[in-house]
Amino acid sequence: MKKLLSALLLAALLCSLFAGCAAKSASAPAGETVSFTDSCGRTVEIPKTVTRVAPSGAVATMILATIAPEYLVSVNATPSSSQYRYLPQNLAGLPTTGQMYGSKSTLNLETLLGCGAQLVIDLGDKKDNMTADLDALQKKIGIPVVFIEADLTHMAAAYRTLGSILSGKQERGETLAKFCDETVDMAETNSAKIADADRVSVLYTSGVSGLDTNAKGSVQSQVIELVGAVNAVVVEDVSSKGGGNTINLEQLYQFDPDVILFSAGSIYQTVSSDEAWAQLRAVQNGSYCEIPSLPYNWMSNPPSLNMLLGIWWLGNLLYPEVYSYDMTARAQEIFKLFWNYDLSADEAAQLMADSALSRPEG
Amino acid sequence: MILKRFRWFLLLALLVPALLAVPARADAVTDSIGVYIGYFGWTEDQYVEKASYTWQQLDDAYGGALDTHEAVYSYYNGSRTYLARGRGFYLRDLLEYAGVDLGSIASIDFFTKDQTVGAYRSFTKGALFDTQRYYFPNLAVNEDTGALYAYDGSGDLWSGASAVEPMLALEDYTEWDAVGSEFEKTADPSLYSTASRFHLFFGQSAPDEIGTSSAAKYVYKILITFAGTPVLSQTETNLELKVGSDHTLAVSVVAEDDLLNDYVKSHITWKSSDESVVKVDGSGRLTVVGPGDAVVTASFGSSSAATNVHVGADETAETTAGTGTGTGNGTGTGAGMGAGTGTVTGTGTETAAPASSSAGETAASSSAQEPIGKDETSSADETKRGVYLLAPSALSGSAQAGQTGGEAMGEGSRQLVLQTPETRSYALPAAICLCLAAALGFLFGVIRYKKQR
C-alpha cells in the first residue's frame, strides 16, 4: 500500500511538472545539442545546428545582423526610417522584443517565446550579475541563452565564436573577425607612431546641453585612445551608460579639449554662436565636428561594431598624415562588408558632411 | 506531527507547479495596435475589436496606409520641461481609417505594454480632439522654483506656439529640461528610435498645462467609448397568444457600429414577468404556459425593450386539454477536450404538450450518454457537464407525442461550447495535479502516522 501510494504521489508530481512545462515545450530546443561555454563561464547545451536566433538587445542585434541577418527571428527594435536603407531589409519585418539590459529592461518574453528562436544570444560588454540574469532568463523561457563578450577588444573573437555556433557561418565569421583584427592592428600601429606631445585631447559629448560626455575609461570612448588621442574628460565615477558623465561649464573650460566631437542631436550647429561655448579654444579654432551617425553613431552608442568604422574615421580626422587613406572609399568598403550596402560616394559625403574639422589638429 | 511527516510532499506539490506555471509577462515593445469600441459602463473585455494593424500596415514609409508626419511636442510637469520629436500618424487618421465615427466618441483610453492593469491614460474626446493643442517652443523652467518663464525674454510663453495634432509616433526621441527652440535646432532624424512605438504625443492646450506623464509609450490598444447606449426595440410590442403556441420575438439593435449591433444581439438577456403565463428562452423563443398577462423584456446593460403578452382564458381551455408524459430519445454530437457522439434519452411529464414539441423544452429529466461515454441521469436544461459548457439554447430537439400527451420520442443535439485555447491554459491541469498531489501526500502521511501509532 505504501509503495503504491508513493508511486501515485510521484506520478502526480510528475504530472504537475509536465503540466507546468506544457506551454513551453513547443519552444524547447529539439534535436542534437552540443555544450557551449559562454563568456561568463556558463556551460549551456545549445542546438548543434543553429539557424534561428534571437538577440537580447541592441548590440546583439547589430552584430548578428552583420554575420547572419537571415537567421534572426527577432530584433530589439525595428530599424528607424533613417537606418533602414543601410541595413538588411529583413530586419524591418521581424518582431521586436526590446532589450534585456539598458536604462530600462524592456525584454518582452511573450514575443521572445513566440518567435521560434533556438537560441538567445547576448553580445556586448560584461556586466555585473550577468550569470544570474542569463540563468534566470533561460529558466524562464526554456530556450538556451548565451553571452558572448563583444566589446571592441573582443569583437574579433566574438565573430569567430558566432561563426562556430551559427550553422554555415564559419567563413563569414572569420572574414568579419579578420577585419576587426586588421582595424585594431592598424590603429595600434598608427597610434604608436604618434609622439606623446602630438596626442590630441578630445571631448566626446552629446545632448542638447553639449555637456553629456563620455569620459576616459568609459566603454563608449574606447575609440579615442585606440587611435592615439587622449580623452579630455577625466572624472572619478566613470559612467559607461549612453548619457555618460554630465559635466558643467567650469569643468569644460578646465578640460579645454583640442577637439570636440558632438553626437548628432547635440549643439554642433549652434555652438559657435553660443556665448557659453564661444570662448573655448576648440570652438574658436574650429576644431569641432559632428560624428557621423548612420546607420549608428560611428563612435559608439551603442558600443558595437560601429566603433570599427569610428576608428578609421577618427584616426583619419585627427592624424591624416598617419591614418592616410581615402575615408570615403573606406566607408564604402565597410558598409559593403558589414551590411552588404553599396554606399555611393555622394551618400558617404552626405554622411560625413559635418564631420570634418575646419582646422584639423595633429 | 502529521504535517511534519509529509511536509516535503506538500511543499513539492505546491511549489513545482507554482514555479513552472508563471506566465511570461509582456513588458513593453509592441508591433501592432488594436482599436476597440464599446459603450460607457462596459467592462474592458466587452469592447469589440474594430480593427488591428501592424505598424507596417500603417507606416507610409514602409508602404503602409496612413500618411506620417513629423512634429515636435512640448510638455511641462510642474517643474521640468519635456520635449519630444516624433514621426508618426495622427490619431484622428487612424480612427477614421479603422472606421470609427469620431463624432460619436465620448472618451478614449490608451493601454500600454508597461502597464499591466487598466488603461494608462484616458481622455475625453473634447480634451483630445475638440480642444486645440499646441507645441510651445518658448518654455523654460527656473531650476530653483520650477516655474515657467519665456526663454526669449519676451515674457510671452505663447511666443512661437504652433498647433499640433495628437499623434501615435512610430519613431521618436525625447529630451528633458530642454527648450523647444533649442531642441528644434538639434533635430536629426538619425536620432529616431522605434523602441517606444506606438508613442502617444498630444502637446498642450496651454503653456502651463501639466501632462508629461500622459505621453504614453508602448500603446497597443485603444478603447473607444461611444456616447449614449445601444437602443433596443421589439418589432412586436403587444402579442395575443394561445397556450401551447410557438412564437419567437425579434429585437432590433441600433448601435454606433454593426460590430456592436452583433455583439449586443448575441448578449441580450430575456425575461418574462410571469412565467406562469409565458416563458422565454435565451433566443427570445416563447413558450406559452397559461392564461394571463406578462411582459417579456429583452435587455442588454441599461438598454431594454418590452413586449406585452396576453394569453386569453378561453384559448387556454382549448389548448391545455392534453397532458401526459413524454420520453425523448435523442442523439447528440459534441467535441470538447475530446470528441465523440452521445445519445440523449429523456423522460418527462408534459403539460399541454402540442402535437409537435421540443423534447429539449419539455423533458423534465433525461438520461444522457455523454461523449466521454459516461451514463448519468440529469436534468435536460443543465448547462454544465464536466469540463463542457452547454449553451443554454443549444439543447433542442423534436418530439413526437401522442395527441393527449403520452410518450414522446425526441431527437436532441447538444452543441458544446469549448473552452478556448486562451482559457484552456496549462494552469488548469497544473491546478488539478496540484490538488491530486496534495491529496495523495496528505493521505500518505496520515497512513504512515496511523501505522506508527
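Modeller: Let's start with Ile165(A), which is found in helix α6 of chain A. Keep in mind that this is a predicted model.

Biologist: Why is Ile165(A) called buried?

Modeller: The cut-off is 20 or more other C-beta atoms within 10 Å. Ile165(A) has 22, so it counts as buried.

Biologist: Which residues does Ile165(A) touch, leaving out those up to four places away in sequence?

Modeller: Phe36(A), Ile46(A) and Val50(A). Contact here asks for C-beta atoms within 7 Å.

Biologist: Now the domains. How do you know where they sit in chain A?

Modeller: The bounds come from a domain assignment, which gives domain 1 as 27–181 and domain 2 as 195–351. Their centres, taken over C-alpha atoms, are 28 Å apart.

Biologist: What makes you say that domain 1 and domain 2 of chain A are in contact?

Modeller: Pairs of residues that meet the 7 Å C-beta cut-off. On that test, 17 residues of domain 1 are in contact with 17 residues of domain 2 in chain A. On the domain 1 side, α2, α3 and α7 of chain A each supply at least two residues, and α2(A) gives the most, with five. That side divides into 11 nonpolar, four polar and two charged residues.

Biologist: Over to chain B. Why are β21(B) and β22(B) called a pair?

Modeller: Two strands pair if there are at least two bridges between them. β21(B) and β22(B) have nine and run antiparallel, so they qualify as a pair. In one of those bridges, Asp293(B) is partnered by His310(B) in β22(B). The hairpin they form has two residues between the strands, and Gly301(B) takes a positive phi near 60° there.

Biologist: How do you know that β18(B) pairs with β21(B)?

Modeller: Same test: four bridges join them, in the antiparallel sense, so they pair too. Lys271(B) stands opposite Thr297(B) in β21(B).

Biologist: Last label. What makes a set of residues a nonpolar core?

Modeller: The members have to be buried, of a listed nonpolar kind, and joined through C-beta atoms within 7 Å. The largest such core here has 171 residues, and Ile63(A), Leu261(A) and Val219(B) touch the most other members. Helix α12 of chain A gives the most to this core, with nine residues.

Biologist: Which residues does Val219(B) touch, again leaving out those up to four places away in sequence?

Modeller: Ile33(B), Phe110(B), Phe111(B), Thr112(B), Leu168(B), Phe198(B) and Leu200(B). Another core, of 12 residues, lies apart from the largest one, and Val277(B), Ala294(B), Val309(B) and Val311(B) are among its members.

Biologist: And how much of chain B counts as buried?

Modeller: 38% of its 453 residues. The chain has 10 helices and 32 strands.

Conventions: Residues are numbered from 1 along each chain as its sequence is written. Chains are lettered from A and ligands numbered from 1 in the order in which they are written. This is a predicted model: local features need pLDDT of at least 70, side-chain atom pairs count only at pLDDT 80 or more; totals for chains, interfaces and linings use all residues. Domain bounds come from an automatic or database domain assignment. Two residues are in contact if their C-beta atoms, placed from the backbone, lie within 7 Å. Ala, Val, Leu, Ile, Met, Phe, Trp, Tyr, Cys and Pro count as nonpolar, Asp, Glu, Lys and Arg as charged, and the others, Gly among them, as polar.
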